[in-house]
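Hi there,

Here is the structure I promised to pass on to you. Please have it open while you read, and my notes follow just below.

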Amino acid sequence: MQRGEFDLIAALLSPLTGGDDRALGLLDDAAVIPQKTGFDTVVSTDTLVADVHFLMSEPPDVIARRLLRVNLSDIAAMGAEPFAYFLNLSLPTGTTDEWLEGFAGGLQIDQQQFGLLLLGGDTTRTPGPLVLSVTIFGEAPTGHAVRRGTARPGDLVFVSGTIGDAGLGLARMRDGAGAGDPLVQRYQLPEPRSALGVSLRDIASAMADVSDGLLADLGHICTASGVGARLSASGIPVSDAARSAIGAKGDGPFGLLTSGDDYELVFTVPPERAQAAREAAETAATRITEIGRLEAGSAVVTVRDDAGNDVTPDIPGYRHF
């Protein structure tokens, strides 16, 4: 017998509030979140749809952790610290108690790792695919959240971690590779750069997370700031696993720049703050790489390939529509 809505909330979701008074026991129509003096509340939301953003064949705990992490990445990109989230579940008929228990267990794991609590949400039935949505809340000192529209020509462009792993991991997973594959792991459980984002709060001039692809998300910074960017393909950080995968396929690394789901941070820094950015990354125990520079002009990201040609891709990354 499947759990009813209120049994699901009482048995599996209420424990995720940790007894926090702001959640009101998940018994009211809304939570009550007092504003913290001297801080701005930073809010973001993301929706994942089965067989669009994840595969139903994946374990439910992994799906839950990915759901939280892609939202945590948005908060990191603003230089904010996360503290709570709301969860909306649209569950297809036939969703089993076992699946729901595994899903709730995955949420609990990452709540503990990232210091989060569930404060509310909604549950519904749907005849369509499973749809999962999180609205996440973070805090940053008033006026200090990092935005996309404050970069300037001459700023240096940096990116954290390595690029292209997740796109390769999704392709390998669809071909039957399991969770032991390091590229599949990068797709299923991205590492939100929360500590780095906070460390860069008063250093970066603009920042975004790499969800749709490095070129696309840097392009969003360029559009918001009214600048262009010039990168070198040879300078993009690529993992050994990704190099091996693209070598086996006979492809060059350029496609890695337009694949999504890495959830790294791409950010810009005035040259005089570059050393401070490197020191912040060291403090956050996260690798960063300088990959280019912003320039005056239209909001276009140009990449110089290994042959010395300047390329501007027609499709810089994943498009939802």
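Strands count as paired here if DSSP finds at least two bridges between them, and the elements are DSSP runs numbered from the N terminus, with helices being H or I of at least four residues and strands E of at least two.

Before going further, please note that this is a predicted model, where local features need pLDDT of at least 70 and side-chain atom pairs count only at pLDDT 80 or more, while totals for chains, interfaces and linings use all residues. Residues are numbered from 1 along each chain as its sequence is written, and side-chain values use heavy atoms, with hydrogens and water left out.

Back to the strands. The order β6-β8-β5-β9-β7-β10-β11 makes up an open sheet of seven strands with mixed pairing. At its edges are β6 (206–209) and β11 (310–311), each having a single partner strand, so one side of each has no neighbour in the sheet.

Next, the cores. A nonpolar core is a set of buried Ala, Val, Leu, Ile, Met, Phe, Trp, Tyr and Cys residues joined through side-chain atoms within 4.5 Å; buried means under 20% relative accessible area, exposed over 50% and partly exposed in between, with a 1.4 Å probe and protein chains only. The largest core has 42 residues, and Leu13, Tyr85, Leu87, Phe103, Leu107 and Leu132 touch the most other members. Two or more residues each come from α1, β1 (39–49), α2 (60–77), β2, α3 (97–114), β3 and β4 (131–141). The largest share, seven residues, is given by α2. There is also a second, separate core of 23 residues, with Val157, Val159, Ala229 and Ile236 among them.

Gln188 belongs to helix α5 (residues 182–188) and is buried, at 7% relative accessible area. Its side chain makes a polar contact of 3.0 Å with the side chain of Glu58. Such a contact is a pair of N or O atoms within 3.5 Å; within protein, one must be able to donate a hydrogen and the other to accept it, and residues adjacent in sequence count only if both atoms are side-chain atoms.
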